[in-house]
Amino acid sequence: SSLCDSHCVEEMDDREGSFVAVRRISQGLERGTVYNSSSPEGVPGSAAWLGRGLSCVCAQRRDSDAHSTFDLTPAQEECLQRLQNRIDVAYDTTIPLHQEALRNLWKLAFPEEELHGLISEQWKEMGWQGKDPSTDFRGGGFISLENLLYFARNFQKSFQDLLRKQVGERSVWEYPFAVAGINLTFMLIQMVDLEAVKPRTIVGATFLKFLSAESESAFDSLYCIAFKLMDQQWLSMRASYMEFNTVMKSTRRQLERELMLEDITHLEDLPSYALLSQ
């Protein structure tokens, strides 16, 4: 079934860092049609735009963690440096590699539909705020695109389920898939303290044992787990757009708890990994 059968992405809020809810609409509407209305109540069967955007809210570091540092092995330092190099790369519309990565994401998301251009109304079908996804990468950088690509390639069923909102009893107002993904990248960078030279939190230090064991793909794998966990939390809380930040906080707390469990030697051992389907 076409994606527009299940939802339609509306106008973006101008404020940087905000994002727009997705209004689920009735079947039979023309694919790609965007509806505007002055209020959420709007015309029955049409979609209304959300004037107040949502932004990622990440938990503050505890004071007790502020002055802590953890020693790293040479192998861990090397893996951490490679990952930190990745988070420093901004998405650049002039770089062919970045352009191709964005095209590949479309092919993986909608293999049945040809993309008309890197700037196209079609991108709203994936949950970008507007017709140019590059404007949404400001908060997450190129790594947020890499995370989405990794998810699409390695857990295709889960990726498609979340993209097309195919699992569970969904809210009338849904989170936009792609922009939620960028929020998750940003949240994970904060959670595992990747911007520090050395991790200053126990969670960050614990993550490094997975990083050294599984190289840089550990962060991408954690992202996939986080996305599926976030959606499960969204469904279990029967959340709508006003609760998205609450869902994100709950997702972060659950991930932190699981990372700290004993006898966890690989990310596949995390309880929430079982949510993922290949």
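This is a predicted model: local features need pLDDT of at least 70, side-chain atom pairs count only at pLDDT 80 or more; totals for chains, interfaces and linings use all residues.

Me: What % of the 278 residues in the protein chain is buried?

Reply: Buried means under 20% relative accessible area, exposed means over 50%, and partly exposed is in between (1.4 Å probe, protein chains only). Among the 278 residues of the protein chain, the buried ones make up 53%.

Me: Is α7 oblique or parallel to α8?

Reply: Two packed helices are described by the angle between their axes and the distance between the axes. Axes are lines fitted to C-alpha atoms, for helices over the stretch in contact, and angles run from 0 to 180 degrees between N-to-C directions. The axes of α7 (residues 217–236) and α8 (residues 244–259) come within 9 Å and cross at roughly 125°. Angles under 35 degrees count as roughly parallel, over 145 as roughly antiparallel, 65 to 115 as roughly perpendicular and the rest as oblique, so α7 and α8 are oblique.

Me: Is the crossing of α7 and α8 left-handed or right-handed?

Reply: A crossing is left-handed if the near helix is turned anticlockwise from the far one by less than a right angle, and right-handed if clockwise. For α7 passing α8, the crossing is right-handed.

Me: How many charged residues are in the contact of α7 with α8?

Reply: Contact means heavy atoms within 4.5 Å, and the residues of α7 that meet α8 include L222, L229 and W234, with F244, V247 and L255 among those on the α8 side. For the classes, Ala, Val, Leu, Ile, Met, Phe, Trp, Tyr, Cys and Pro count as nonpolar, Asp, Glu, Lys and Arg as charged, and the others, Gly among them, as polar. The contact has 10 nonpolar and 4 polar residues, while the number of charged ones is none.

Me: Is L259 buried or exposed?

Reply: L259 lies in helix α8. Leaving aside neighbours within four places in sequence, L259 is in contact with M191, V203, T206, F210, L267 and L270. Its relative accessible area is 1%, so L259 is buried.

Me: Which residues does E256 touch, not counting those up to four places away in sequence?

Reply: E256 is also found in α8. With a relative accessible area of 18%, E256 is buried. The residues that E256 touches are M191 and V203.

Me: How many nonpolar residues are in the contact of α5 with α7?

Reply: Helix α5 (residues 177–191) packs on α7 at about 120°, with axes 10 Å apart, which makes the pair oblique. The crossing is right-handed. Residues in this contact include F177, L184 and M191 of α5 and F219, Y223 and M230 of α7. By class, 2 are polar, none is charged, and the nonpolar count is 12.

Me: Is α2 roughly perpendicular or parallel to α4?

Reply: The axes of α2 (residues 96–109) and α4 (residues 156–163) come within 10 Å and cross at roughly 85°. That angle makes α2 and α4 roughly perpendicular.

Me: What value is phi of R238 near?

Reply: Most residues other than glycine have a negative phi. R238 lies in the loop between α7 and α8 and is exposed, with a relative accessible area of 64%. Phi of R238 is positive, near 50°.

Me: What is the relative accessible area of D263?

Reply: D263 lies in the segment after α8. Phi of D263 is positive too, near 65°. D263 is exposed, with a relative accessible area of 72%.

Notes. Residues are numbered from 1 along each chain as its sequence is written. Side-chain values use heavy atoms; hydrogens and water are left out. Helices (H or I, at least four residues) and strands (E, at least two) are DSSP runs, numbered from the N terminus.
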